[in-house]
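I opened my notebook and went through this model one item at a time. Here is what I looked up.

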Amino acid sequence: MRVEKLDARGGDQRGRPPLAQRRRQETRVEIAETAAALFAERGYEATTVEDITAAAGVSLRTFYRYCSSKEDVLTPLVTSGVGQLVDALAAQSADEPLIAAVERVFATPMSGRRLADPEPGRALVRLMGDVPALRSRWLAAVQEMRDRLLPVLAARTGRPADSLEVRLLAGTVLDAFTAAVEHWAGQDEPEDLLVLTRRALAFLRLDEL
């Protein structure tokens, strides 16, 4: 049996986060998925934090340890998809095309699980667009991901991370991804999300990065 070597914080030598950190992230996602299901069933305004904690099987104290407010509860679901895109891109050689990173994102177990039943994801995106408080969190999360993407694109382009060109590229990459997701969520008969994302990147020639 292969045993992974751990560093002093409990992470392994391949750079995976420590076990405790992964478990915290899993808890955040579980609470977020529970909240998303309740919002879809009852509506955002009609769902209380107490409803979410009861359905998720956690205490109010635990909820507020992971979420500062009801408005923030869905943030892990918003950031995970875009964050996986950034992480996959960062893990590749700078000379590999951007579309390869996108395909890696859709090949992850988490993405596969979500896309196996796309309706909850589509409902989540529509909800984020319809509720102003959630929409602001969506935009804030995308901005955070843009900042994470800057050094990744800087390495691929050979330009400084704070240069105008890299900032434009980062915004464009995320705009393409966001537009594809929102189009996917709004279709009556949705196309495959990977196909839509590839179309968006190809249209802007971002697969050549």
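**Entry 1: a salt bridge to begin with**

I started with Asp147 and Arg146, whose side chains meet in a salt bridge at 3.5 Å, N to O. I noted the cut-off: a salt bridge is a side-chain nitrogen of Lys or Arg within 4 Å of a carboxyl oxygen of Asp or Glu. Asp147 has a relative accessible area of 40%, so it counts as partly exposed. Arg146 has 17%, so it counts as buried. The terms work like this: buried is under 20% relative accessible area, exposed is over 50%, and partly exposed lies in between, with a 1.4 Å probe and protein chains only.

**Entry 2: what kind of model this is**

I wrote down that this is a predicted model, in which local features need pLDDT of at least 70, side-chain atom pairs count only at pLDDT 80 or more, and totals for chains, interfaces and linings use all residues. Residues are numbered from 1 along each chain as its sequence is written, and side-chain values use heavy atoms, with hydrogens and water left out.

**Entry 3: the overall plan**

I looked up the secondary structure next. The protein has 10 helices and zero strands. Helices (H or I, at least four residues) and strands (E, at least two) are DSSP runs, numbered from the N terminus. Along the sequence the pattern reads α-α-α-α-α-α-α-α-α-α. The protein has 209 residues, and buried residues make up 40% of them. I also checked contacts, meaning heavy atoms within 4.5 Å. Among contacts between residues at least 6 apart in sequence, 60% join residues at least 24 apart.

How many salt bridges does the structure hold? I found seven. One of them joins Arg137 to Asp72, with the closest N and O atoms 2.4 Å apart. This pair links distant parts of the chain, 65 residues apart. Arg137 sits in helix α8 (residues 132-157), while Asp72 lies in the loop between α3 (60-66) and α4 (75-91). Arg137 is partly exposed, because its relative accessibility is 27%. Asp72 has a relative accessible area of 19%, so it is buried.

Arg159 is partly exposed at 42% relative accessibility. Glu165 is partly exposed at 35%.

**Entry 4: α1 and α2**

I turned to helix α1 (residues 19-42) and helix α2 (residues 49-56). Their axes come within 9 Å and cross at roughly 120°. Axes are lines fitted to C-alpha atoms, for helices over the stretch in contact, and angles run from 0 to 180 degrees between N-to-C directions. I call α1 and α2 oblique to each other. The classes are: under 35 degrees roughly parallel, over 145 roughly antiparallel, 65 to 115 roughly perpendicular, and the rest oblique.

Which residues of α1 and α2 meet? From α1 come Ile31, Thr34, Ala35, Leu38, Phe39 and Arg42, and from α2 come Asp51, Ile52, Ala55 and Ala56. These contact residues divide into seven nonpolar, one polar and two charged. For these classes, Ala, Val, Leu, Ile, Met, Phe, Trp, Tyr, Cys and Pro are nonpolar, Asp, Glu, Lys and Arg are charged, and the others, Gly among them, are polar.

**Entry 5: Ile52**

I picked out Ile52, which is found in helix α2. Is Ile52 buried or exposed? It counts as buried, at 0% relative accessibility. Leaving aside neighbours within four places in sequence, I found Ile52 in contact with residues including Leu38, Phe39, Thr47, Phe63 and Lys70. Ile52 and Ala36 are 16 residues apart in sequence, and their C-alpha atoms are 9.2 Å apart in space.

**Entry 6: helix α9 and its partners**

I took helix α7 (residues 118-130) and helix α9 (residues 164-186) first. Their axes come within 8 Å and cross at roughly 110°. That makes α7 roughly perpendicular to α9. The contact residues divide into five nonpolar, two polar and three charged.

Then I checked α8 against α9. Their axes come within 8 Å and cross at roughly 130°. α8 and α9 are therefore oblique to each other. Among the residues that meet are Trp138, Leu149 and Leu153 in α8, and Val166, Leu169 and Leu174 in α9. Here the contact residues divide into 13 nonpolar, three polar and four charged.
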